[in-house]
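This report goes through one structure, from the contact between its chains to a single helix and then to its domains.

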Protein chains: 2
Amino acid sequence: MLLNVKRAMEVMKRAGVEAIVATSPENVTYVSGYRSFSQQIIKATQVYAVVAAREDCKPVLVAPIGDLDCMADRGPIAPVKAYGVFHVFSDSAGESRPEFDKFLALLSDRRFETPQQALSAALKDLGIGGGRIALDSTGLTPPARQSIPAALAGYSVTEGWSLLREMRMVKTPEEVARIRTATEIAEHAVSAVLSVVHEGMTEIEMCELFNESVMRRGGVPLLTCIGVGARSSLPNVQPSPAAVKRGDIIRFDVGCVFDCYCSDIARIACLGSPSEKAARYYRAVLEGEQAALSGVRAGAVAAGIFDIAIRTTRSAGIPHYARHHCGHGIGLECYDMPSISPQDATVLEEGMVINVETPYYELGFAGLQVEDTVLVTGDGFEYLSVSDRSLRAV
Amino acid sequence: MLLNVKRAMEVMKRAGVEAIVATSPENVTYVSGYRSFSQQIIKATQVYAVVAAREDCKPVLVAPIGDLDCMADRGPIAPVKAYGVFHVFSDSAGESRPEFDKFLALLSDRRFETPQQALSAALKDLGIGGGRIALDSTGLTPPARQSIPAALAGYSVTEGWSLLREMRMVKTPEEVARIRTATEIAEHAVSAVLSVVHEGMTEIEMCELFNESVMRRGGVPLLTCIGVGARSSLPNVQPSPAAVKRGDIIRFDVGCVFDCYCSDIARIACLGSPSEKAARYYRAVLEGEQAALSGVRAGAVAAGIFDIAIRTTRSAGIPHYARHHCGHGIGLECYDMPSISPQDATVLEEGMVINVETPYYELGFAGLQVEDTVLVTGDGFEYLSVSDRSLRAV
């Protein structure tokens with residue numbers, strides 16, 4: 001289960017809401033486990049997931065009828081209130097199979113004309129006939145936003161976006177497993193590139209190798225910043241025909257999506273031996289990152305981790321080091337909450353998954369960065385990213 | 001240029017607005033040509049593009065400072081009002097290159113604290129100190145939506161989402177070129193699969209081959225529905241271990257994204273000879289699609305094209321045929337306006353790019369579908385999808 005039921009109940013109770021309605025693709029997936037295919041193709045498609053503030057509550061989905069085949073084909077999902085029109089035909093002489101029978105059964109349920117009517121029915125099914133509910137507005141099109149007040153006339157509606165961000169901070173075991181797999185896929189793809197890199201290989205070629213490795217293992221490329229030599233100093237370096245030369249730094253800031261969950265790691269290699277300055281500066285960013293990680297545990301404050309990262313990287317060899325953040329939560333989005341930054345007073349809790357990083361970008365010289373993903377535990381953390389953190393000479 | 005300047009001016013004048021502010025990734029790209037990398041990784045990142053209702057007007061961007069390296073690296077883009085904090089360092093001893101110098105120049109410009117302040121400055125730079133402006137709200141986070149009224153206190157703000165959808169309907173030559181390339185990549189990938197398909201090959205294997213072919217030619221997979229045998233009758237069929245058998249229909253409803261523009265085509269093959277029924281029904285859907293296409297020209301009404309598609313497919317051999325739409329605009333989104341459906345009274349114009357399709361899904365039997373992308377011309381249309389439309393025996 002992706003939804004952290006206990007935490008969701010606490011957040012809803014504290015906010016004084018009887019239910020929450022998720023509307024963005026990430027939030028719908030979080031609440032229900034379901035990712036709509038229609039929405040991937042037709043961005044304006046309205047898909048909602050509703051859960052009530054009761055421990056025993058099962059989420060209810062609102063989705064277009066065009067989504068029902070994927071729901072039927074992909075095993076058990078939440079009950080659904082379907083809306084709209086979609087024509088499929090059936091012939092009694094046709095092949096009978098579980099996925100078709102289940103699809104037919106879903107198609108024979110009551111249909112609603114609009115997503116708003118379906119949402120209203122979903123709330124009533126959950127026993128919520130009125131009162132205060134939280135609505136994540138980020139997946140609503142402007143026309144949908146306009147029709148919501150009439151459809152939810154009996155309810156007092158408050159914004160649910162930040163409540164869902166808060167719920168999503170502490171991960172369930174299923175979420176951790178998916179982030180771990182996404183991270184493994186990215187780490188494997190880095191190794192795949194490094195095992196064949198040679199002088200003259202271009203950033204474009206390395207990115208292609210990376211992306212192919214990711215896709216072959218069931219991931220979707222999300223973040224493929226691979227910069228060589230001086231170009232490694234461009235923070236979001238995009239694949240170019242620049243070719244790697246002997247002595248060049250190769251910076252990987254990379255990640256992918258696996259089963260809706262993200263990974264984001266950074267590793268540094270050098271073709272041959274790094275310069276003395278690159279080696280010295282890399283030791284400083286690694287020391288800064290490792291010191292920050294040693295402060296990670298339940299009860300630590302995000303801003304405190306940031307302070308350790310900056311202070312240590314400075315004293316370890318980059319006295320002018322500065323950053324706006326030294327990490328972030330990760331999950332359904334590459335940047336979940338909290339932010340490891342001076343403004344973020346979030347107290348870390350067991351089960352949070354965070355990235356810690358100390359990137360240093362010096363234009364015309366190099367970008368040096370190590371970024372790890374860890375699961376916060378009661379007395380420390382567990383690495384989800386496990387590959388070699390040294391400045392790897394290849 | 002992606003923005004259809006003449007049409008944009010007409011739409012803004014008709015709506016009585018002095019400028020439009022795009023905020024969703026697609027709309028920002030449309031107005032400015034720019035796609036933010038930060039936003040791809042951090043969905044909540046605020047990036048805006050503003051254009052005034054004046055023929056000579058150049059768009060202005062609002063973007064986080066973290067975007068400036070990509071802007072500098074990727075050649076000429078619109079002027080930008082940057083906000084936020086991002087640390088990069090420079091060492092006079094470092095390598096000097098155009099992309100670094102340009103990045104440094106962008107970094108030395110005035111910085112704003114918040115995207116709202118940057119937006120207000122962008123409007124003032126465009127000479128718009130007050131009056132009515134249209135704001136696409138679909139890219140705003142709830143906190144950004146809350147701060148907008150204060151930041152735009154001197155303006156009367158109306159929703160811009162539907163205005164941008166209307167502008168985007170008639171494509172510029174650059175947009176057509178990108179859709180054409182995205183379509184070529186998808187058609188090539190279908191051929192790549194069909195050239196190696198053999199009895200026992202699974203849907204998963206075919207989807208992997210398709211996606212690899214797309215990526216190798218610079219596309220990003222978007223829509224990879226490849227269903228074999230009875231599973232081809234699932235409209236959104238997702239890759240499964242089902243293996244193709246002799247006599248099986250293979251339905252491709254596939255597309256990709258190239259340089260932010262989408263493709264979406266459908267083709268049918270059969271491993272060996274199709275059944276008499278499949279051949280007969282396919283002739284009907286092809287006849288329906290071709291009849292609908294023969295009605296496509298500037299001045300035709302979307303709903304009229306739909307009528308022809310339904311009527312012809314019925315009379316050509318599927319008397320019970322029904323659909324909710326028989327096509328859609330395509331561009332920055334897979335479903336742009338108009339919709340080829342009974343409710344859509346849009347009059348087609350030269351330069352629109354639309355898909356026409358007559359899919360037929362019979363559960364347990366097969367899905368049969370042909371879908372083409374065409375550019376509407378004064379007296380007809382030009383195919384952007386050009387591959388063999390027959391039921392291909394392989």
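In E5(B), Ser90(B) is the bridge partner of Leu363(A). Strand E16 (residues 360–363) of chain A and E5(B) run parallel and are joined by 2 bridges; two strands pair if DSSP finds at least two bridges between them. Strands (E, at least two residues) and helices (H or I, at least four) are DSSP runs, numbered from the N terminus.

This is a predicted model, in which local features need pLDDT of at least 70 and side-chain atom pairs count only at pLDDT 80 or more, while totals for chains, interfaces and linings use all residues. Residues are numbered from 1 along each chain as its sequence is written, and chains are lettered from A and ligands numbered from 1 in the order in which they are written.

**The two chains**

Between the chains, 49 residues of chain B are in contact with 49 residues of chain A, contact meaning that the C-beta atoms, placed from the backbone, lie within 7 Å. The elements in the table each supply at least two residues of the side of chain B that touches chain A.

| Element of chain B | Residues |
|---|---|
| Helix H3 | 37–41 |
| Helix H4 | 68–73 |
| Strand E5 | 89–90 |
| Helix H5 | 98–107 |
| Helix H10 | 203–216 |
| Strand E16 | 360–363 |

Because 100% of the interface residues of chain B are also interface residues in chain A, the copies meet through the same surface.

**A helix of chain B**

Helix H12 (residues 302–315) of chain B has 14 residues and spans 20 Å from its first C-alpha to its last, close to the 20 Å expected at 1.5 Å a residue (1.5 Å times one less than the number of residues). Its buried residues include Ile305(B), Phe306(B) and Ala309(B); a residue is buried if 20 or more other C-beta atoms, placed from the backbone, lie within 10 Å of its own. The buried residues of H12(B) pack against helix H11 (276–294), strand E14 (336–339) and strand E15 (353–357) of chain B. Just after H12(B), Gly317(B) has a positive phi of about 145°.

**The domains of chain A**

Chain A is assigned domain 1 (5–167) and domain 2 (173–393), with bounds from an automatic or database domain assignment. Their C-alpha centres lie 36 Å apart.

Conventions: Two residues are in contact if their C-beta atoms, placed from the backbone, lie within 7 Å. A residue is buried if 20 or more other C-beta atoms lie within 10 Å of its own, exposed if 12 or fewer, and partly exposed in between; C-beta atoms are placed from the backbone.
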